[in-house]
Amino acid sequence: MASYFAVINIGQPDLKRKSQGNGSILTISSSAGAFARIRGYEGARAGIAQTYGVASLITMEGVNRQIVLAERPVGAPKESDFRLVESPIPDPGPGEVLVRTVFLSVDPYMRGRMRQNGGYARSLDLGEVMIGGVVGTVVESHDPRVGVGDVVEAALGWQEYAVAPAKALRRIDPAVAPISTALYVLGMPGLTAYFGLLDICRPQPGETVVVSGAGGAVGSLVGQIAKIKRCRAIGIAGSDEKVRFITGELNFDGAFNYKTRTDYEAQLKQLCPTGIDVYFDNVGGPITDTVMRLINNRARIAVCGQISQYNNDKPEMGPRWLHQLVSKQAKVEGFLVFQYADRYEEALRQLTAWLRERRIKYREDITTGLENAPGAFIRMMGGHNIGKALVKVSDVASGTA
Ligand SMILES: NC(=O)c1ccc[n+]([C@@H]2O[C@H](COP(=O)([O-])OP(=O)(O)OC[C@H]3O[C@@H](n4cnc5c(N)ncnc54)[C@H](OP(=O)(O)O)[C@@H]3O)[C@@H](O)[C@H]2O)c1
C-alpha cells in the first residue's frame, strides 16, 4: 500500500512529546482514500479530536468502531443487548490483511451465539464483537495473494475494520454480480437453499415443495430453485407484502400470510391439492406441525432452521407427529450448510449461472451505518426484512461511510 508515515505533530506540545516518547505514528494511506490510523497511542485520539480541525478528522478515522454483545438477550433481542465501542484499528501481521467492511450480514444464527450455551457453535462472550459475515475491501496486505483494493468475503464480525489471515478470505469478483450478493445468493444463504433443497429433499418435476420463512433470504431462494426444478412452489410468510413479492416477482405458485390466515391447514390444503412432497423448514412451531399432517408418501423434509423457537428459553412442546414419518415412510433431515464446504464451488457456479440468466431474482433489505446493525438484526428477527437483511457500513470505492 502506498503510504507515508509522520510523527504526530499537529501543534500540541504534550501530544508531540508523548507520541515521540512511545514511538507512536500516524499512518495516512493515499490508496485507501481518507483511511488513517494511529499506532501505539490509543489515548491520543479523543484529545486531538476535541482540539484540532483537519487533524481531528483524520485521527477520528483511525478508530475502529465495533458492536459488541453487552447483555445476553432474554426473549426477543433489544438494542440494549448491544454496545458500540471504539478501539484502534488493528495491524496485520505477516500473511494477514486489513479489511474495511462494506456490507455486513445479520442472520438468525447469531441469536444462538448470544446465549450462554449457544448450541452447535461457541457462544459469544460478553463484550466480544458480534460475529457475522462481511464483504469488504482490502486496505493493507501483507500477503502476495491479496492486493489493496481487492474485494473479499469472510466472517469478520460487526466492525468497521478487521485483520484476517489472507488464506481465510474468499476473493469476490465485482464483475460477476454486485458484491453484496456474496452474503446472499452467492454466499451462505444461497448455499443453504441449494444444498438443503437439492441434496436433502431431491425434488422431482411436478412435486409440490412448501417452504416456510419464504420471504426471507434462504426461503426466497428455495422457492425459486424449486421452480427451476419444475416443481410447484408454495411459500408461507409473515406479511402480505412478502406474499406479493414471492408470488409476483419470484413466481411462486402460491403463498399465504401466516399472521393473518391462521387456519394453516385449510390454507395449505387449498394451495397443495395433491399434498406436500417436500417441506423446507425454516421456522418450526405450529406451521411445521400443520405441514407434517399434510405430507405425502415418501415426503422429504429438510430442517434448515427453527426461528420460531430461537427466543425461547425452553423448547415449546407440540403435537407428536413422528408417527407420520412411519405411515408416510417420510424422511426428515437436519443440516448445517458447513457440512457441504467441499462442494461450495459447484453450488456457487450453478447459482451464478442462474443469477446471470435471471432465473434467480433477489431483493435486499439494506440498513445504513454500523451503529444501526443491532436495529437491523432486531428487525430481521421480527420479520421486517424482505429478502436478505444487510448493513452497509462503507462505500467500496471511496472507503467512506
Ligand atoms: N442450517 C443452516 O445451515 C442454516 C443456514 C442459514 C440459515 N438457516 C436458518 O434458515 C432460516 C432462515 O434464515 P434467513 O437467513 O433466510 O433469515 P430470513 O428468513 O431472511 O429472516 C428471518 C425470518 O424469520 C421469520 N420469523 C421470525 N420469527 C418467526 C416466527 N416466530 N415464526 C415464523 N417465522 C418467523 C421472519 O419472517 P416472517 O415475516 O415470515 O415471519 C423473518 O423475516 C432461519 O431459521 C435460520 O436459522 C440455517
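The structure is a predicted model, in which local features need pLDDT of at least 70, side-chain atom pairs count only at pLDDT 80 or more, and totals for chains, interfaces and linings use all residues. Residues are numbered from 1 along each chain as its sequence is written. The ligand shell lies between domain 2 (72-179 + 375-392) and domain 3 (188-356), because both give residues to it; the domain bounds come from an automatic or database domain assignment.

**Ligand shell**
- The ligand is surrounded by 31 residues, the closest being Gly216, Ala217, Gly238, Gly305 and Gly383; a residue is near a molecule if its C-beta atom, placed from the backbone, lies within 6 Å of it.
- Helices H5 (188-201), H6 (217-228) and H12 (373-381) each supply at least two residues of this shell; helices are DSSP runs (H or I, at least four residues), numbered from the N terminus.
- The shell comprises 16 nonpolar, 13 polar and two charged residues. Ala, Val, Leu, Ile, Met, Phe, Trp, Tyr, Cys and Pro count as nonpolar, Asp, Glu, Lys and Arg as charged, and the others, Gly among them, as polar.

**H5 with H6**
- The axes of H5 and H6 come within 8 Å and cross at roughly 45 degrees; axes are lines fitted to C-alpha atoms, for helices over the stretch in contact, and angles run from 0 to 180 degrees between N-to-C directions.
- H5 and H6 are therefore oblique to each other; angles under 35 degrees count as roughly parallel, over 145 as roughly antiparallel, 65 to 115 as roughly perpendicular and the rest as oblique.
- Residues of H5, including Pro189, Tyr194 and Leu198, meet residues of H6, among them Ala217, Leu221 and Ile225; two residues are in contact if their C-beta atoms, placed from the backbone, lie within 7 Å.
- This contact of H5 with H6 has eleven nonpolar, two polar and no charged residues.

**H5 with H11**
- The axes of H5 and H11 (residues 344-356) come within 10 Å and cross at roughly 100 degrees, which means that H5 is roughly perpendicular to H11.
- Gly190, Leu191, Tyr194 and Phe195 of H5 make the contact with Tyr344, Ala347 and Leu351 of H11.

**H8 with H9**
- H8 (residues 264-271) and H9 (residues 285-293) pack at an angle of about 50 degrees, with their axes 10 Å apart, and H8 is therefore oblique to H9.
- Tyr264, Glu265 and Leu268 in H8 meet Pro286, Ile287, Thr290, Val291 and Arg293 in H9.
- The residues of this contact of H8 with H9 divide into five nonpolar, one polar and two charged.
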